[in-house]
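Please keep the structure in view while reading the numbered points.

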Amino acid sequence: MIESDLLNVLSDSIDRMADGATIGDCLQRHPQFAAALEPLLETGQLVRRAQPSTEEAEQARDRQMPRFEQLLAEAPPVRRPLPLVGLVQWAALLVLVFGLGGALAAEQSLPGDTLYGLKRITENARVSLLPDTAEMFTQRRFDEARQLVNLRREAELALTGEIDELSDMALVMQGLTIRTADTPERAALTPGMRVEIVAQSTVLGELRAQTIRILDVPERLEQPAALITFTPSPTASGTPEPTRQPTRAAAFTPEATAEARAVEATPAVCAATLPDGWIAYTVQSGETLSDLAARTGSSTQALADANCLADSRRIIAGQMLYLPRQPASRPTLTATPQPARLAATPTTATRPDSRGGEQPAQNRRGTPESEGGERGGR
Amino acid sequence: MIVLVLPDIPAEDALLARAQRGEQAALREIYVHYYTPVYQFIRLRCDDRDTAEDLASEVFFKLVRTVHQGKAPRHSLRGWLFRVARHVLYDHYGHARRFTETVLDDWIPMPADDEPDAQFIRAVNRETARQALRQLTTDQQEVLILRFGQMLSLQETADIMGKQVNAVKQLQLRALQALRRVLGQAEIVHD
């Protein structure tokens, strides 16, 4: 257990250093690990320093350029794609005009059926003729998935679309629920993202995701669309521009470093140094920025500024945030009155037959509504 | 089990598409912009510059050849380049565990300090660091070069190395610990 914490803290620190944080910053974030962390991060830093400079690399590149050019020159004549497309188009035309029996029979087939391959070939042929039909066929994949679920058949299928909803264990796309495993990578997904999912339908009528490829992210998440700059701008530290990829951090805490923002996107305004006494805090499930602001006697603006959060102010469970102080304990939620009852239950009044429902007689002191009552609340 | 694939980078994909269509300018652009990171990766794994140069070029020759064969990658160009770089290194050196002439025996062990502290490490010079790095296993070297040298994400590193993310997390810790131990055993030449 302890080592898994170190694994995560180490990985988190490496990510932060890639975004421009110093070793000192990382040690500050994880004071309890600082002693173990420091020599490790210094060792890693050493590897970075050991790299050949950009100059050396560029000299090598320029020296080797003639060989590369020569290979380019040996390119076979570019296969004009048109004749090939012509063939496919002819085939498509034949299929449409004569309605080949096989193609028609294939229309209703599902992934896993013998004729399914033919169905997809026919579709591709039609798309090459009429590109607008592509969207219709993308939708078909969802229909097929729904059928497979109803039939409780096992098959592998692929779906492309936007994530409508997201929960810990599943996501919803076009009304279809697809179960996902609870891996750390899952945290990178957000509603609105366009993804390509390869999933398995099961005999239980479930869809289980196997791979998820992110195709596009919604603009409201402040994230640069292009993550690689192709015009290497001179940087003082000599970092090779094309290799920087601030995505994973940028999705949730877009700390603006000069290099990371080389492409576009408005730089986030944030505190240059952390005010004294602020502590590092791990966001718990269900917490929001305004909730934490209230529980620390601060404002969402102040927290957003200090943590370089963008307008979206999204925070997720497990994320590290700086707060002015340890947040006061959470007020009991109205949905679950039991904890309040337990805290307030006088020694005599426990009713053995309470079926878990509310027992108003016992809630004299601990009614959930009295947030500020016993716990130091706001 | 989920494998989360990286977001496809539109500019990269566009370049790849142009290259596949036969646009030499696109291939040239790829070469010019990606040679540096590929070279840096390979250089740290080799003993000398000339070999590193040749091997780095090999990576791009392979790209050109796959384009000519119509089999170029359509996504994740950078990941592809690093994967090819790894293979090019294996092909060149055979499956030797370490691609280096310097062997641990050449190091004069220091009497104390198997676990050098931060200050000590900071003072190690580049050449020593490189030689120490090459004492590690291939996996350990690669993870350190990709994570610290190229500053790639956990996910991309995992993709390139064909490992699970959790395996990479463990590997990076072990690699750092191993490198630190090697440094502790070496006769360090300081800057």
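Is C26(A) buried or exposed?

1. C26(A) counts as buried because its relative accessibility is 1%; buried means under 20% relative accessible area, exposed over 50% and partly exposed in between, with a 1.4 Å probe and protein chains only. C46(B) is also buried, at a relative accessible area of 0%. The count of disulfides over all chains is 0, a disulfide being a pair of cysteine sulfur atoms within 2.5 Å.

2. This is a predicted model, in which local features need pLDDT of at least 70 and side-chain atom pairs count only at pLDDT 80 or more, whereas totals for chains, interfaces and linings use all residues. Residues are numbered from 1 along each chain as its sequence is written, chains are lettered from A in the order in which they are written, and side-chain values use heavy atoms, without hydrogens and water.

3. Contact (heavy atoms within 4.5 Å) joins 73 residues of chain A to 75 residues of chain B. The area buried between the two chains is about 7,000 Å², with 63% given by carbon and sulfur atoms; buried area is the accessible area (1.4 Å probe) that two parts lose on being put together, summed over both.

4. The rule finds 6 salt bridges across the interface of chain A and chain B, each a side-chain nitrogen of Lys or Arg within 4 Å of a carboxyl oxygen of Asp or Glu. The side chains of E56(A) and R49(B) form a salt bridge, at 3.7 Å from N to O.
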